[in-house]
Amino acid sequence: MSTQQHARPAPVGGSLLNATTLVCGVLIAVMATIILVRLIFGLGATTNLNDGYSWGAWVVVDVFIGSALACGGFSVALLVYIFNKGQYHPLVRPALLGSLFGYTLAGAAITFDLGRWWNFWHIFWPGYFNVNSVMFEVAACIMLYIIVMWIEFSPVFLEKLGLHEAHRKLSKLLFFFIALGIVLPMMHQASLGTMLVVMGGQVNPLWQTPMQPLIYLLSAIILGYGVVLFESCVAASAYRRQVEISMLNPMARVMLGIMGFYLLVRFADLIARGVLGQAFQPTFIALSFWIENACFIAPFLLIRSVEARRNPARLFLAGVAVMLGGILLRLNGFLIAFDTGPGWTYFPSVPELLVTIGIFAAEVLGYIVITRRFPVLPREEAYAQPTHS
Amino acid sequence: MRTEKPAPSSGENTRRKFLKGCLSAAGTAVASGTLSTLSTPAAARDTYQRPPEALGLLYDATLCIGCKACVAACKQANDNPPEFSTADKLWDTPLDTSGNTFNIIKMYRHGTMTTKDAEINGYAFMKTSCMHCADPSCVSACPVTAMTKDPVTGVVAYDPDACVGCRYCVVACPFGIPKYQYDSPTGEIGKCELCRHRVADGHYSACAEVCPTGATLHGRTRDLLSEAKRRLALSAGSITRYPRGSIDGGPEQSYEGYVGHYQQHVYGETEYGGTQVLKLSAVAFEKVGMPNLPPKSSAATSETIQHTLYGGLLMPFAVLGAMTYVAKRNVHHEEDDEGAQAAAKKAGKEGS
């Protein structure tokens, strides 16, 4: 197959000890300390959580937003393995790596947010688990997906360790894990939207709809491509490599197509339910709604033409806009437009923010260590001189 | 040279057609699943109604004198520590329910506050405690069945030994009732369980037991509902007999009193499919902190979506089957597998 002629993944190499990794290490140490304090003294000692806003940054940002931003692996796999667009293959491993860390850390983050974490296993234990609960579906699916992703990514480690036989056997079954790795995120990313439904009238009508599962699923796929745009540009800049424009350009076009459908669904739902008027009231919530949707509309202006999509800066900005839109969709539904009655306010405490920052630092550090030491990013020489004739 | 697109192979056309079919099937599965919840799908989950022998309370705000005997009795019955909101910290003075306060009486104040139960320049009381919904959001939300609804009494109970502390119940409840103990490393959810632990000793809800005016009345919800409707049918200012304690048996301790200027609405009769705690008030319910809720519960909407998408895991397995088939055709071993390719080359054959 011609796709063989793509640059093979290779370790980037270089030192693991630099300013970025040191800063990440410090941030991770701070996070670990705060988690220890939380485990000894409780959630009240470390967070601003209250009974009006019982879910704060650790749930909404670390898990809901963190997992959505970790949809790169899912979105790219969808393109490569389901839509059979082999030309995007070099994007698979880096995207999967981002997803792997995003999800694994989201799973870790939810554990110390749980008020009674030592009972965590109940979620997977028949006799305890409640199949009617959206939370059950999300938790079980995310756990399974984390395992599936480690299996999907394991060829990278097997290659490095030279375990060719194990690698060969695994690759015969890989198609099944790839399929699982597409179905599982479809399920729980949709359910993260359904999570809002049971909250009823506490969620502003602009975000309270039975269409949430579709809206969240589409936004997660879009976010996946947005994050790949962002990550590719950042990785290229940090490692002084070329931006993979030949792949990012058409992928961005796919993203625009799905985003057009997303906006259609989003606004058709608002109009059908007759609540679009709420968006035109002079409220902070209406403003937040428009910023959210402006972020999804902005890429149409930034990267509409093929020429515009050849500009790495525009691709980067479009990626950032899409990420912001997806972040706001989730922040709006679960925090900003969530109203549990008068008297309740919430803004994350400094320790809460430091833990969230620590989690992102752990993702960055993990990405650097793995890409420098393991074959993830496409071999750079391939761009300069063709290795295959 | 690198090429951007795979060279078309024979059979590409049929495969592409097949792919399109597979994808549109899988893609529309989720879409149609969510869409169908808007109409009437097979997996539709109706709003649950109260069990026939459901137990509850009737709170009549016009009878409440704000003595807060029920607040103290609730603390005692549930062995909860006091909470302070004053500088001297002499008395239990919670301002709202919490992980350690399951029942409080709140006050509506307006203008000069001269007239009881008047919306303008008046004041009124309102009890805040679990409504024991017919179709509770907290029970639907709980991933580990720590929140349960008794099939006979309908009491919504909490089991700390099952709870993982995710606090979805706290977020889901439209009344803001389940609350978490944030100040403890082993915090539990706290909420009224209608004193189910005192039934064995021949007791009923402590708040109703101690209420001096019968403003909080215990009993079967269907009896309480008839009592509430009886009161609404009386003309304001007339005299009637008010039971105290429990409406179902117990010592006779009723008394005569004046009929209040009721809102013609039994709160909890139909809200979210009905609640087992019912309320009467002279001041509009929304003004005394009771949310305006439709007769359809959000638990029913949420579970209809879940059952439509995941019922019997049919849809996930169908999509997984389609995805597995497509992925098997599209995964090229040699791309993902340098080692295997090396082995294949060694064997002198080129896999595709």
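Student: How many residues of strand 1 (residues 55–60) of chain B are buried?

Tutor: Six of the six residues of that strand are buried, so strand 1 of chain B is largely enclosed by the rest of the structure. A residue is called buried if 20 or more other C-beta atoms lie within 10 Å of its own, exposed if 12 or fewer, and partly exposed in between, with the C-beta atoms placed from the backbone. Strands (E, at least two residues) and helices (H or I, at least four residues) are DSSP runs, numbered from the N terminus. Before we go on, please keep in mind that this is a predicted model, in which local features need pLDDT of at least 70 and side-chain atom pairs count only at pLDDT 80 or more, while totals for chains, interfaces and linings use all residues. Residues are numbered from 1 along each chain as its sequence is written, and chains are lettered from A and ligands numbered from 1 in the order in which they are written.

Student: OK, and which residues of strand 1 of chain B point one way, and which the other way?

Tutor: Leu55(B), Leu57(B) and Tyr59(B) point one way, whereas Gly56(B), Leu58(B) and Asp60(B) point the other way.

Student: What about strand 9 (residues 216–220) of chain B, does strand 1 run parallel or antiparallel to it?

Tutor: Those two pair in the antiparallel sense over five bridges, where pairing means that DSSP finds at least two bridges between the strands. Within this pair, Leu57(B) stands opposite His218(B). Strand 1 of chain B is also joined by four bridges to strand 12 (residues 277–280) of chain B, and these two run parallel, with Asp60(B) opposite Leu280(B).

Student: Switching topic: what is the order of the open sheet of three strands in chain B?

Tutor: The order is 2-4-3, and the pairing is mixed. Strand 2 (104–109) and strand 3 (115–116) stand at the edges with a single partner strand each, so one side of each is left without a neighbour in the sheet. Strand 2 and strand 4 (residues 122–128) of chain B run antiparallel and are joined by six bridges, and in strand 4 the bridge partner of Lys106(B) is Met126(B).

Student: And where is Asn121(B)?

Tutor: Asn121(B) lies in the loop between strand 3 and strand 4 of chain B, and it counts as exposed because it has 12 C-beta neighbours inside 10 Å. Its phi is near 50 degrees, which is a positive value in a residue other than glycine. Most residues other than glycine have a negative phi.

Student: Is Leu194(B) buried or exposed, then?

Tutor: Leu194(B) counts as buried, with 27 C-beta neighbours inside 10 Å, and it too has a positive phi, near 55 degrees. Its place is in the loop between strand 8 (189–190) and helix 5 (206–210) of chain B.

Student: Now the largest nonpolar core: which residues touch the most other members?

Tutor: Of its 223 residues, those are Ile178(A), Ile182(A), Val183(A), Leu229(A), Cys169(B) and Met323(B). The largest share, 16 residues, comes from helix 8 (residues 212–238) of chain A. A nonpolar core here is a set of buried Ala, Val, Leu, Ile, Met, Phe, Trp, Tyr and Cys residues joined through C-beta atoms within 7 Å.

Student: What does Val183(A) touch?

Tutor: Not counting residues up to four places away in sequence, Val183(A) touches Pro316(B), Val319(B), Leu320(B) and Met323(B), where contact means that the C-beta atoms, placed from the backbone, lie within 7 Å.

Student: Last one, where does helix 10 (residues 284–302) of chain A bend?

Tutor: Helix 10 of chain A bends by about 30 degrees at Cys295(A), and a proline, Pro299(A), follows within four residues. The bend at a residue is the angle between axes fitted to the seven residues ending there and the seven starting there. Among the buried residues of this helix are Phe289(A), Cys295(A) and Pro299(A), and what covers its buried residues includes helix 9 (245–272) and helix 11 (312–336) of chain A.

Technical notes
Contact = placed C-beta atoms within 7 Å.
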